[in-house]
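Subject: Structure handover

Hello,

Here is the structure I promised to pass on. My notes follow below it.

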Amino acid sequence: MNELTLTTPALLFPAISLLLLAYTNRFLAIAALIRQLHSQYSENHDGRVRGQIENLRKRVILTRNMQSLGIMSLFLCVLCMFLLFAEEYEIGKWVFGISLLLLLASLGLSVREIQISTNALGLQLSDMESNEQLIGDN
């Protein structure tokens with residue numbers, strides 16, 4: 001039972017679509033934060049804000065790459081379905097396999113982006129905590 005049918009790649013459509021929606025929402029949130037931080041930096045040239053913007057630059061690049069890999073995965077799923085429809089089963093299996101690998105790479109980048117985001121939040125929280133301690137000591 002090693003047969004690939006049209007329904008197998010079709011099962012990935014909702015998953016990839018939801019994943020791309022989540023990536024887009026993440027991108028929009030990062031873009032809004034960058035705009036906000038940019039206007040803060042323009043007003044007072046705070047070095048900490050500049051550091052946050054650099055961190056966000058990395059996240060934007062990762063998110064762009066996540067989206068690109070997800071889109072290529074979806075494209076190859078559609079191509080796979082076409083190949084299976086054209087009864088090109090062997091090529092269809094290879095294309096589907098590549099599609100799965102691209103999806104895995106996209107998810108891997110997503111994990112990395114979440115790690116960077118979590119580290120940035122941790123730094124911000126520790127900065128807030130140290131400021132509170134300084135205020136409490138006075």
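Is cysteine 80 buried or exposed? Cysteine 80 counts as buried, at 0% relative accessibility. Here buried means under 20% relative accessible area, exposed means over 50%, and partly exposed lies in between (1.4 Å probe, protein chains only).

First, the ground rules. This is a predicted model, where local features need pLDDT of at least 70, side-chain atom pairs count only at pLDDT 80 or more, and totals for chains, interfaces and linings use all residues. Residues are numbered from 1 along each chain as its sequence is written, and side-chain values use heavy atoms, with hydrogens and water left out.

Overall layout

The protein has four helices and zero strands. From the N terminus the order is α-α-α-α. Helices (H or I, at least four residues) and strands (E, at least two) are DSSP runs, numbered from the N terminus. Of the 138 residues, 27% are buried. The accessible surface is about 9,400 Å², and carbon and sulfur atoms hold 65% of that. Areas come from the Shrake-Rupley method with a 1.4 Å probe; for residues, only the protein chains shown count as cover. Take the contacts (heavy atoms within 4.5 Å) with a separation of 6 or more: residues 24 or more positions apart account for 78% of them.

Helix α2

Helix α2 covers residues 12-44, which is 33 residues. At 1.5 Å a residue it should span 48 Å, and its end C-alpha atoms are 48 Å apart, so the two agree. The expected span is 1.5 Å times one less than the number of residues. Buried residues in α2 are Leu12, Ile16, Leu20, Tyr23, Ile30, Ala31 and Leu37. Just after α2, histidine 45 takes a positive phi of about 50°.

Cysteines

The structure holds zero disulfides (a disulfide is a pair of cysteine sulfur atoms within 2.5 Å).

Salt bridges

The count is three, where a salt bridge is a side-chain nitrogen of Lys or Arg within 4 Å of a carboxyl oxygen of Asp or Glu.

- Glutamate 113 pairs with arginine 26 at 2.9 Å, N to O. Glutamate 113 is in helix α4 (residues 89-137) and arginine 26 in helix α2, so the pair ties together parts 87 residues apart in sequence.
- Glutamate 113 also pairs with arginine 59 at 2.6 Å, N to O. Arginine 59 lies in helix α3, and this pair links parts of the chain 54 residues apart.
- Arginine 57 pairs with glutamate 54 at 3.4 Å, N to O. They are three residues apart in helix α3 (residues 47-85), so about one helical turn separates them.

Shared partners join Arg26, Arg59 and Glu113 into one network. Glutamate 113 is buried, at 1% relative accessible area. Arginine 59 is buried too, at 12%. By contrast, arginine 57 is partly exposed at 47%, and glutamate 54 is partly exposed at 32%.

Surface patch

Leu6, Phe75, Leu79, Phe82 and Phe85 make a nonpolar surface patch of about 550 Å². Patches are made of residues with over 30% relative accessible area and no salt bridge; like charges are joined within 9 Å, nonpolar side chains (Val, Leu, Ile, Met, Phe, Trp, Tyr) within 5 Å. Leucine 6 lies in the segment before α1 (7-10). Leucine 6 is partly exposed, at 37%.

Best wishes
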